[in-house]
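Colleague: I'd like to learn how to read a model like this one feature by feature. Could you give me the general idea each time, and then the case at hand?

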Amino acid sequence: MPTSDVLIYTRTAGYRHHSIPAGAAAFVGMAQESGFGAEATDDPEVFTHERLERCAAVVLLSTTGPVLTDQARAALETYVRAGGGFLAVHAAANAEPDWPFYGELLGTRFAGHPPLQPGLVHVEDPAHPATAHLPTEWAWTDEWYDFTSHPRDAGVRVLLRADESTYTGGTHGTDHPLSWCHEKAGGRFFFTALGHTPESYAAPAFRAHLSGALHWATGRHAARPDVVPTHST
């Protein structure tokens with residue numbers, strides 16, 4: 001499969017995050033730093049078999065609600081099953097609620113979140129490119145997403161967990177996944193629940209989290225430069 005660029009999709013049919021422009025700009029920059037072209041769009045008509053054949057990865061950036069046509073869904077499923085890279089960020093957990101394949105990729109669905117507040121993230125898997133740069137415990141401020149079912153039950157590789165003892169309103173208890181990945185559908189799928197605020201996408205730790213995810217999804221994680229921040233706010 002020829003891979004030359006990263007497609008960043010930002011369409012919303014529900015709540016629209018103010019962080020989307022900052023996130024799209026960050027992904028464009030990260031793609032270009034890795035030698036890829038990049039396109040940010042909210043047009044579902046770009047999802048064709050021919051267009052996706054050129055993609056190193058597809059990013060759904062805080063998309064909400066039904067944002068893909070039937071044709072787009074078919075093209076994206078074919079792309080993933082053929083080995084394509086696919087990243088879902090933050091509110092993308094609340095996208096495509098009636099598309100079974102997308103639910104299969106996520107391994108769960110968005111259930112809700114408490115108010116934006118600081119908390120602590122635990123790195124469960126420091127061997128992944130998206131987490132290797134992070135401290136074992138990472139102070140962060142975000143919307144701490146809850147899910148309708150436990151992602152581990154879907155057989156995903158959990159990378160980050162929320163420490164519910166450090167904020168109020170969590171519903172998963174001592175095991176609260178925030179980021180995970182898998183290759184069960186043929187391609188590489190990555191999800192992070194983080195990324196609510198525009199400032200997130202300028203924070204070195206979070207940007208490196210996304211950059212590592214992008215390199216993993218495109219199969220180019222070995223080329224990722226090491227970034228070793230000690231904390232982020």
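Modeller: Let's begin with burial: a residue is buried under 20% relative accessible area, exposed over 50%, and partly exposed in between, using a 1.4 Å probe and protein chains only. Threonine 64, at 4% relative accessibility, counts as buried. Before we go on, this is a predicted model, so local features need pLDDT of at least 70 and side-chain atom pairs count only at pLDDT 80 or more, while totals for chains, interfaces and linings use all residues. Residues are numbered from 1 along each chain as its sequence is written, and side-chain values use heavy atoms, with hydrogens and water left out.

Colleague: Where does threonine 64 lie?

Modeller: For that you need the element names: helices (H or I, at least four residues) and strands (E, at least two) are DSSP runs, numbered from the N terminus. Threonine 64 is in the loop between strand 3 and helix 3.

Colleague: And what does threonine 64 touch?

Modeller: Contact means heavy atoms within 4.5 Å. Leaving out residues up to four places away in sequence, threonine 64 touches several residues, including Arg11, Thr12, Tyr15 and Asn94. Threonine 12 is 52 residues away from threonine 64 in sequence, yet their C-alpha atoms are 4.8 Å apart. As for polar contacts, the term covers a pair of N or O atoms within 3.5 Å; within protein, one must be able to donate a hydrogen and the other to accept it, and residues adjacent in sequence count only if both atoms are side-chain atoms. Here a polar atom of the threonine 64 side chain lies 2.8 Å from the backbone oxygen of tyrosine 15.

Colleague: Which backbone oxygen does the side chain of glutamine 117 reach?

Modeller: That of threonine 168, at 2.8 Å. Glutamine 117 lies in strand 6 (residues 117-123) and counts as buried at 13% relative accessibility. Its contacts beyond four places in sequence include Trp140, Trp144 and Tyr167.

Colleague: Is glutamate 77 buried, partly exposed or exposed?

Modeller: Glutamate 77 is partly exposed, with a relative accessible area of 24%. You'll find glutamate 77 in helix 3 (residues 70-81), where its side chain makes a polar contact of 2.9 Å with that of arginine 81. Not counting residues up to four places away in sequence, glutamate 77 touches Trp99 and Phe101.

Colleague: How should I read ring pairs?

Modeller: Rings of Phe, Tyr and Trp (its six-membered ring) pair if their centres lie within 6.5 Å; planes under 30 degrees apart count as stacked, over 60 as edge-to-face and the rest as tilted. There are 13 aromatic pairs in the structure. One of them joins phenylalanine 147 and tryptophan 180, edge-to-face, at 5.3 Å centre to centre and 75° between the planes. Phenylalanine 147 belongs to strand 8 (residues 146-147) and tryptophan 180 to strand 10 (residues 176-182), so the pair ties together parts 33 residues apart in sequence. Both phenylalanine 147 and tryptophan 180 are buried. Elsewhere, ring pairs link Phe86, Trp99, Phe101, Tyr102 and Phe189 into a cluster.

Colleague: What about backbone torsions?

Modeller: Most residues other than glycine have a negative phi. Serine 62 has a positive phi of about 50° although it is not a glycine; serine 62 lies in the loop between strand 3 (55-61) and helix 3 and is buried, at 0% relative accessible area. Glutamate 96 also has a positive phi, near 45°. Glutamate 96 sits in the loop between strand 4 (85-89) and helix 4 (100-106), and is buried with a relative accessible area of 0%.

Colleague: How many residues does helix 5 have, and how far does helix 5 reach?

Modeller: The expected span of a helix is 1.5 Å times one less than its number of residues. Helix 5 (residues 204-218) has 15 residues and reaches 21 Å from its first C-alpha to its last, close to the 21 Å expected. Of those 15 residues, 13 are buried. Just after helix 5, glycine 219 takes a positive phi of about 80°.

Colleague: Last one: how many helices and strands does the chain have?

Modeller: The chain has 5 helices and 11 strands. Buried residues make up 58% of its 233 residues.
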